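I opened this model with a notebook beside me and wrote down what I looked up. Here are my entries, in the order I made them.

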Amino acid sequence: MPAKPARQTGKKTAGKNIAGGIVHKAPADLRAAIVPDRAALKAWNDISPIARNEWICWIESAKKPETRSRRIERTRSQLIGGDRRPCCWPGCPHR
């Protein structure tokens, strides 16, 4: 029986892999923002699965679509700026 792939291997988007977190998978809208941006993708792949999980959970905890969109853009720009986790957020309660 073939082994199950690890959760953090992510899905393919436009021929590129994007890793998920330890609990959360990277949503399509986040992948669409990160994959085309080489600097953001490199930074995303450089952080740990736990850190990716924090970003994903922070994005998914937004209640309004406009808040979610702002968080996705902020994630992209902060990753490029060297931030490894979302600031001023208590963390993912799902792990």
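The entries go from the whole chain to single residues.

**Entry 1: ground rules.** I am working with a predicted model, where local features need pLDDT of at least 70, side-chain atom pairs count only at pLDDT 80 or more, and totals for chains, interfaces and linings use all residues. Residues are numbered from 1 along each chain as its sequence is written, and side-chain values use heavy atoms, with hydrogens and water left out.

**Entry 2: the overall layout.** I found 4 helices and 2 strands in the protein. Helices (H or I, at least four residues) and strands (E, at least two) are DSSP runs, numbered from the N terminus. Read from the N terminus on, the order is β-β-α-α-α-α.

I looked up burial next: of the 95 residues, 41% are buried. Buried means under 20% relative accessible area, exposed over 50%, and partly exposed in between, with a 1.4 Å probe and protein chains only. The accessible surface comes to about 5,900 Å², and carbon and sulfur atoms hold 54% of that surface. Those areas come from the Shrake-Rupley method with a 1.4 Å probe; for residues, only the protein chains shown count as cover.

I also checked contacts, meaning heavy atoms within 4.5 Å. Among contacts with a separation of 6 or more, 62% join residues 24 or more positions apart.

**Entry 3: the nonpolar core.** Which residues have the most contacts inside the largest nonpolar core? They are Ile-18, Leu-30, Ile-34, Trp-44, Ile-47, Trp-55 and Leu-79, in a core of 21 residues. H1, H2, H3 and H4 are the elements that give two or more residues to this core. H3 supplies the largest share, 6 residues. For the record, a nonpolar core is a set of buried Ala, Val, Leu, Ile, Met, Phe, Trp, Tyr and Cys residues joined through side-chain atoms within 4.5 Å.

**Entry 4: helix H3.** I went to H3 next. Its 12 residues reach 16 Å from first C-alpha to last, close to the 16 Å expected at 1.5 Å a residue. That expected span is 1.5 Å times one less than the number of residues. H3 is mostly covered, with 9 of its 12 residues buried. Those buried residues are Ala-51, Arg-52, Asn-53, Glu-54, Trp-55, Ile-56, Cys-57, Trp-58 and Ile-59. Their cover includes H1, H2 and H4.

Is Glu-54, a charged name in that list, buried or exposed? Glu-54 is buried, at a relative accessible area of 4%. Not counting residues up to four places away in sequence, Glu-54 touches Arg-85, Pro-86, Trp-89, Gly-91, Cys-92 and Arg-95. I also noted that 9.8 Å separates the C-alpha atoms of Glu-54 and His-94, which are 40 residues apart along the chain.

**Entry 5: aromatic rings.** I found 1 aromatic pair in the structure. The ring centres of Trp-55 and Trp-58 are 5.8 Å apart with the planes at 70°, so this pair is edge-to-face. Rings of Phe, Tyr and Trp (its six-membered ring) pair if their centres lie within 6.5 Å; planes under 30 degrees apart count as stacked, over 60 as edge-to-face and the rest as tilted. Both residues lie in H3, 3 residues apart, about one turn of the helix. Trp-55 is buried at 0% relative accessibility, and Trp-58 is buried at 4%.

**Entry 6: helix H4.** H4 covers residues 65-80, and its 16 residues reach 23 Å from first C-alpha to last, close to the 22 Å expected. Its buried residues are Thr-67, Arg-71, Ile-72, Thr-75, Arg-76, Gln-78 and Leu-79. They pack against H1 (28-34), H2 (38-46) and H3 (49-60). Leaving aside neighbours within four places in sequence, Leu-79 is in contact with Ile-34, Ala-40, Ala-43, Trp-44, Ile-47 and Trp-55. After H4 comes Gly-82, with a positive phi near 105°.

**Entry 7: Asp-29.** Asp-29 is found in H1 and is partly exposed at 31% relative accessibility. Beyond four places in sequence, Asp-29 is in contact with Arg-68 and Ile-72.

**Entry 8: cysteines.** How many disulfides does a search of the whole structure find? The search finds 0, a disulfide being a pair of cysteine sulfur atoms within 2.5 Å. For Cys-92, the nearest cysteine sulfur is that of Cys-57, 3.5 Å away. Cys-92 is buried at 8% relative accessibility, whereas Cys-88 is exposed at 77%.
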